[in-house]
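Me: Please take a close look at one side chain in this structure, then at the packing elsewhere. Keep it brisk.

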Amino acid sequence: MSQSELLRRVVDLLEANRVEYMVTGSVVSSSQGQPRATHDIDLVVEITPAAAKEIVKAFPPPDYYLDEFAVLEAIARRDMFNLLDITSGDKVDFWILQKHPFDQECFRRRIQWELAGVQAYASRPEDTIIQKLRWAELSGGSEKQFGDVKAVYELQFKILDVAYIEGWIRKLALDQYWERLLREAKPIV
């Protein structure tokens with residue numbers, strides 16, 4: 001199964017089970033900025049144990065690996081769990097929605113966006129930028145994350161709410177990464 005088929009199947013299943021979700025990470029930054037290969041689909045979800053059990057049933061072994069116990073533990077701990085497509089090696093990371101104000105705001109602001117031919121709820125470009133800067137900081141300054149940010153900033157510049165971004169940059173103390181982005185980026189205007 002291709003990555004876009006896997007994404008479509010997961011999105012359809014989440015929507016059928018009324019699970020609120022948001023695609024984020026490299027799949028979204030590739031759509032909003034510079035495409036790059038990734039084997040991970042990152043989703044933020046607000047999911048119940050009952051809905052999670054339906055997802056586990058929909059992706060049975062031997063073609064998939066999705067451990068029901070790990071899923072239920074992740075929900076209880078507000079952590080994350082993975083679905084692995086054994087054949088393709090593609091992985092879906094399900095991140096349980098956190099209580100942090102930025103995470104809540106980002107999830108509230110999600111929009112419909114086309115991702116590899118799939119209409120799905122995704123993070124807005126501003127939130128993609130902020131989240132990728134957070135991940136860059138957490139990973140010690142990842143150039144891959146920063147490159148994703150730069151591409152989204154450059155290609156989406158005309159529609160970005162820069163004041164919104166700068167407000168969160170200050171709150172999250174990401175100033176050094178933001179200042180670097182402003183120095184290095186060449187927005188398409």
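Reply: A polar contact is a pair of N or O atoms within 3.5 Å, one able to donate a hydrogen and the other to accept it; residues adjacent in sequence count only through side-chain atoms. The model is predicted: local features need pLDDT of at least 70, side-chain atom pairs 80 or more, while totals for chains, interfaces and linings use all residues. Numbering runs from 1 along each chain, and side-chain values use heavy atoms, without hydrogens or water.

Start with Gln 32. Gln 32 sits in helix α2, residues 25–32 (a DSSP run of H or I, at least four residues). The side chain of Gln 32 makes a 2.8 Å polar contact with that of Thr 128. Gln 32 is buried, at 1% relative accessible area (the cut-off is under 20%, with a 1.4 Å probe on protein chains only). Beyond four places in sequence, Gln 32 touches Trp 113, Ser 123, Arg 124, Pro 125, Thr 128, Ala 151, Val 152, Leu 155 and Gln 156 (heavy atoms within 4.5 Å).

Now the packing elsewhere. The largest nonpolar core has 37 residues, with Leu 43 and Phe 59 making the most contacts inside it (buried nonpolar residues, Ala, Cys and Tyr included, joined through side-chain atoms within 4.5 Å). Helix α1, residues 3–16, gives the most to this core: six residues. A separate core holds 24 residues, including Cys 106 and Ile 130. Among the residues that Leu 43 touches are Val 10, Leu 14, Phe 94 and Trp 95.

In α1, the buried residues are Leu 6, Leu 7, Val 10, Val 11, Leu 13 and Leu 14. They share one side of α1, because their arc around the axis is only 165° (taken from axis-to-C-beta directions). Just after α1, Arg 18 has a positive phi of about 55°.

Note on methods:
Buried < 20%, exposed > 50% of the residue type's maximum accessible area, 1.4 Å probe, protein only. Helix = DSSP H or I, 4+ residues; strand = E, 2+ residues; numbered from the N terminus.
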